[in-house]
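Opening my notebook on this one. I want to jot down what I look up, step by step.

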Amino acid sequence: MPKKVVKRKRAPKPKPAPEAAITAVPISVKVNGKTHSLTVEPRTLLVELIREKLDLTGTHVGCDTTYCGACTVLMNGAAVKSCTMFAVQADGAELLTVEGLEKDGQLHPIQKAFGDSYGLQCGYCTPGLMLSAFQLLSHNRQPSEKDIRKAIAGNTCRCTGYQNIFKAIQLAAQNVKGV
Ligand code: FES
Ligand code: FES
């Protein structure tokens with residue numbers, strides 16, 4: 001009589017221990033001269049931090065795809081699109097938003113020049129454009145039209161036709177002191 005083959009059961013593989021989801025990361029950012037220490041989810045975008053946690057709603061969201069530049073802010077002096085960065089990437093950084101341009105109730109010369117030159121219509125793109133202009137003028141006080149075009153290449157305006165934006169930045173270059 002043939003021997004009965006007894007199949008041995010394999011011991012089940014141990015399940016990997018579930019990774020604990022990181023839901024809150026402590027960060028510290030200096031925004032318009034004020035330090036904020038707070039926690040954010042790793043997925044929080046920088047623009048969400050600025051608008052929703054810090055209530056600085058002058059930074060706009062136009063596309064969410066790095067195209068329009070409405071969300072432009074300065075991070076350590078460089079223009080960045082805050083819809084395309086995570087808030088945690090700004091940990092330890094210094095940010096400037098449009099709210100930080102005004103000082104002691106006085107408009108910054110760039111803000112004033114945009115008004116005086118009719119460099120805006122609906123104004124949706126304007127905060128981002130002003131911060132790109134700020135970055136340009138911080139290292140080039142006499143920008144050519146080509147310099148200006150290059151500096152604002154990442155900012156889209158759907159209203160003005162750009163001519164008055166160029167004039168505004170040229171006027172700001174004449175008036176700006178100590179940017
Ligand atoms: S909202 Fe960031 S580039 Fe358009
Ligand atoms: S002023 Fe309307 S989008 Fe630029």
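This is a predicted model: local features need pLDDT of at least 70, side-chain atom pairs count only at pLDDT 80 or more; totals for chains, interfaces and linings use all residues.

**Starting from one leucine**

I picked Leu131 and listed what it touches, skipping residues up to four places away in sequence: Thr72, Val73, Leu74, Ala79, Leu96 and Val98. For me, touching means contact, that is, C-beta atoms, placed from the backbone, within 7 Å.

Residues are numbered from 1 along each chain as its sequence is written, while chains are lettered from A and ligands numbered from 1 in the order in which they are written.

**The helix it sits in**

I found twelve of the 14 residues of α3 buried. Buried means 20 or more other C-beta atoms within 10 Å of a residue's own, exposed means 12 or fewer, and partly exposed is in between; C-beta atoms are placed from the backbone. Leu131 is among the buried ones, and so are Met130 and Ala133. What covers them? The cover of the buried α3 residues includes β3 (72-75), β4 (78-81), β5 (94-96), α2, α4 and α5.

Domain 1 (25-100) and domain 2 (109-175) each put in at least three. The domain bounds come from an automatic or database assignment.

**Helix α5**

In α5, I see Ile165, Ala168, Ile169, Ala172 and Ala173 buried. Seen down the axis, these fall within an arc of 140 degrees (directions from the axis to the C-beta atoms), so they line one face of the helix. They pack against α2 (109-116), α3 and α4 (145-151). The face turned away carries the exposed Gln163 and Gln174.

**Where the domains meet**

How many residues of domain 1 are in contact with domain 2? I get 17, against 13 residues of domain 2. β3 gives the most to the domain 1 side, three residues.

Conventions:
Two residues are in contact if their C-beta atoms, placed from the backbone, lie within 7 Å. Helices (H or I, at least four residues) and strands (E, at least two) are DSSP runs, numbered from the N terminus.
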